[in-house]
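Reader: Got a model open here. Can you walk me through a few sites?
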Amino acid sequence: MSSSGFASQNGAGATYANGPSQNPVALYPTNQGYMAPPQPGYLNAMPTKEPTPPAPSCYNPSRQQPSPVTMYQQPLSLPASPNHRPALVPPAHTPPLANSFYQHPQQPPSWPPPAVNQASPAPSPAPPQPYNTGTSTPPVFQNTMQSPAPVPPYSSLNNAYMTAAPALNVVAPHTHQSFGPPQAALRGTLPPSGPPPPPLATRSDGPYSVQPGAMNRPMGTAYPSLQTAYQSVPAPQKPSPMQPAAQPYSTAAPQQYQQPSVSAAQLSPSLAALNLQSQMPEALRVVNLLQERNLLPPGAVTPPTPCLPQDLQRLNCSPEVFRCTLTSIPQTQSLLNKAKLPLGLLLHPFKDLSQLPVVTSSTIVRCRSCRTYINPFVSFLDQRRWKCNLCYRVNDVPEEFMYNPVSRSYGEPHKRPEVQNATIEFIAPSEYMLRPPQPAVYLFILDVSHNAVETGYLDVVCQSLLDNLNSLPGDTRTKIGFITFDSTIHFYNLQEGLSQPQMLIVSDIEDVFLPTPDSLLVNLNECKELVQDLLRSLPQMFSKTMETQSALGPALQGAFKLLSPTGGRVSVFQTQLPAVGTGSLKPREEPSQRAASKDVQHLSPATDFYKKLALDCSGHQIAVDLFLLSAQYCDLASLGCISRYSAGSVYYYPSYHSHHNPSQTERFQKDLKRYLTRKIGFEAVMRIRCTKGLSIHTFHGNFFVRSTDLLSLPNVNPDAGFAVQMSIEENLLDMQVVSFQAALLYTSSKGERRIRVHTLCLPVVSSLSDIFAGADVQAITALLASMAVDRSVSASLSDARDALTNAAIDSLTSYCTSVLTIQQPGLLAPACLRLFPLYILALLKHKAFCTGTSTRLDERVFAMCQLKYQPLAYLMLMVHPALYRMDNLTDEGALNINERTIPQPRVLQLSVEKLSRDGAFLMDHGIALYLWIGRNCNPSFLTQVLGVQSYVALPQNMKQLPELDTAESSRIRAFIDWLREQRPFYPILHIIRDESELKAEFMQNMIEDRTESALSYYEFLLHLQQQVSK
Ligand SMILES: [Zn+2]
């Protein structure tokens, strides 16, 4: 008998046996939708009939197990060169392709695939080969960034593009006389405010002409054969009323009924919806970027809605969780090539959700062929058979699935929560685990060298841990341990029964051993007092230290040995370049090169030590999170590998000092609180599947690609984003829609094995105009940013910058030549891509890719890490901050949430033109908020909001708005609180005056203005126009 049930909580809720007391589906907003995590790899093909296949993880050492990779049937065969597009001859007037992202695949970094040890969870005595074992077919450990399919050597492809377009900053637009060349003699002067109005000469009488036909056709085409579960199934035969409720299935023979065919009447609402949308192609409205200056919407940029019938879209995944760069999928790769837009998915799979249906069932229904989880976009042929929407295999509906625990009725498989929710979580039955789910294990590694202690960080970490010790996710099995290090490694015996913690020093850093292996990692509940003792005494223990060296590498090796039997999370706090022992690094940054105008060296790691160790960790379910606090160069490009390949997180606090840099300290404290208390999943794997014909080929984020499409995530956290690139391997000619499914299998901190599944459905289109109409400019920008980071490392920064610029040029050229039929002057874009050039310029000016302005190497590398790791919503604020005027807030158009009135000021362009000295302006940069107060700021704002009588009375380094009992104060505080509530981390508010050091940071984000080394937005548009019209 099935024990079906639900919980309405986000992962941790109680499950209900045999039917919930409330209907979890009804708890959803009707337009709900979340993202889809990829699917775990080691689910057995036929859970109830076959022996459980081995996990890809290192479980169950004693049994001989076949490799999970060989057991697992890949849903899609990978083409020889997945991202090599067929030769597409550009139109004669298309500018020559310089660096395009769509041309050459990244070359996987050379990395000898290590052998795999499935069988030995015990720490291997020989660390260099921790995976070697005797399993039959060792899974190929792939390079994390690339699918294992052979790809053409990068160099040969790259050669074709060596004649790159001139670097952006040397192109002087000359069509507009009032602007000198970008690097003209403005050195040392303030950036001019925005450009003058564009020349009238570009005005055209017919800016809205679009290719005939493109606008008349329904954008998504019709769905004549699409049959969804919930709309086409006739009323199911009711179970016999005599049947005991507890045995609902025992007598049910397959209930034959006619396969419902979709009649025109049934489809008409969908078609009507399509027609309605096709009549308003706002996305395709032609915008002359040189003329329209106010391109930003008044509020946040919203993602496009896929052009699907309403009843499908109602069930679709939320764009906050799962987004595609193109919400209308091209029918063929050649059509995609023609659009010159990147195709890929952006995921935020473990996002904190307020409503998440959780299902407990002994049978998780999946496609027998491709292992897709049943989802809202499958079709039921009849009550007993469903057709997979990814591979089209027809599957049987298991007996248990006939019972709907929500309605507590029988014979309604199409009403099951799995078929009604695009995001759902399963509590996995035993065949999804090969060892008992691991406990929550936390190990903290703390730098206690003189340099570290001097920054004062140790007090902050210890105090934060003391404050949050009871909020660490876990249960009665939770374990904790500590390692400190300088030139030696210090372990701490915290065994129950000791009167105080014992420090055990290991000075042989060449061969780190565990002095008392059984008492270094202890049960948090049983040994809490000793742990608290240690945390209270640690800061003093090293206050007099004169040790200046850092043996980070050996400390990490010790951590690996300690955690490898269980897996868990390692949190490393490091304040300097590791200088002794294995993994030691040398300074590589040349400060004189920080403002280099072209290429930046040393973006790739100096040693493979950290990557190798990360792969060892990954193989033993250990993730390493790195907190780097330093004023000096630390070689984040090398150190960051320890987190990147073990699915950890990187935090960076340049110039950290508890006393000298209070704003960093505050951010560090807030970050730590979030870090220590946020949800965590252990021993996780994620798999992303897509409909046959599509192929996923490159992944972005922090993880390790274990097999073709299986991401190994020793830890998963709710603040991690991922991106994948896709290509179209087989034409999708007969398909109206395609689906993507991400499944994340993880162990919760309470020791439950869970699977979170997200499914996204998108229409397939056959015309270029439809592709453009569905373009998601933010998702495109985010994917291009990740691709450009890879390009910076594999080729060069200038190469990546050129490719970014060319992405805008190529897509606008394609739009102008293939979608628009009437040529007209100006720089034309469809409304949905009107922000594309602005975002590309913002990326070119972002710390990751900027040239010509002094940027520390570690800060640049960190910016690159963030571009690859941040979920889309936060990433976009980091790339293009939001600017608001604050001194004239009104309640007009305000939101009303929980009886709070939240003003909604208009988002302003990022230009000093928009600032005025008599105002106050707030910039939301994602991780920080800047409130700039003009020198002549309205006196009433100063008194009513800031509580000072005059501008000169405004204190430096003010960080908080006083809680004044005035309408102005309430409005601005309500607005800032509302901004903060929308993200899981806590952005610090900096109140800055004209003289503040932070003013430069504020002004740096004025993306639309010219700087010494970069074009203004208007100049950039002229450059694009020049290239597009070539
Ligand atoms: Zn299938």
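Reader: How are the donor residues of the zinc ion spaced in sequence?
Author: The spacing is C-x2-C-x17-C-x2-C. This is a predicted model: local features need pLDDT of at least 70, side-chain atom pairs count only at pLDDT 80 or more, and totals for chains, interfaces and linings use all residues. Residues are numbered from 1 along each chain as its sequence is written, and side-chain values use heavy atoms, with hydrogens and water left out.

Reader: Which atoms are the protein donors of the zinc ion?
Author: The SG atoms of C367, C370, C388 and C391, at 2.2 to 2.3 Å. Donors are N, O and S atoms within 2.8 Å of the metal (3.2 Å for Na, K and Ca); water is not among the atoms, so sites may look incomplete.

Reader: What about the angles at the zinc ion?
Author: They run from 99 to 115° among the four donor atoms, and the site is tetrahedral. For four donors, that label needs all angles between 85 and 135 degrees.

Reader: Are C367 and C370 buried or exposed?
Author: Both C367 and C370 are buried. Buried means under 20% relative accessible area, exposed over 50%, partly exposed in between (1.4 Å probe, protein chains only).

Reader: New topic. Why is strand 20 largely enclosed?
Author: Because five of the five residues in strand 20, 650-654, are buried. V650, Y652 and P654 point one way, Y651 and Y653 the other. Strands are DSSP runs (E, at least two residues), helices too (H or I, at least four), numbered from the N terminus.

Reader: How many bridges join strand 19 to strand 20?
Author: Five, and the two strands run parallel. Pairing takes at least two DSSP bridges. Y651 is the bridge partner of F627.

Notes:
Tetrahedral: all angles 85-135°; square planar, octahedral: opposite > 155°, others 65-115°.
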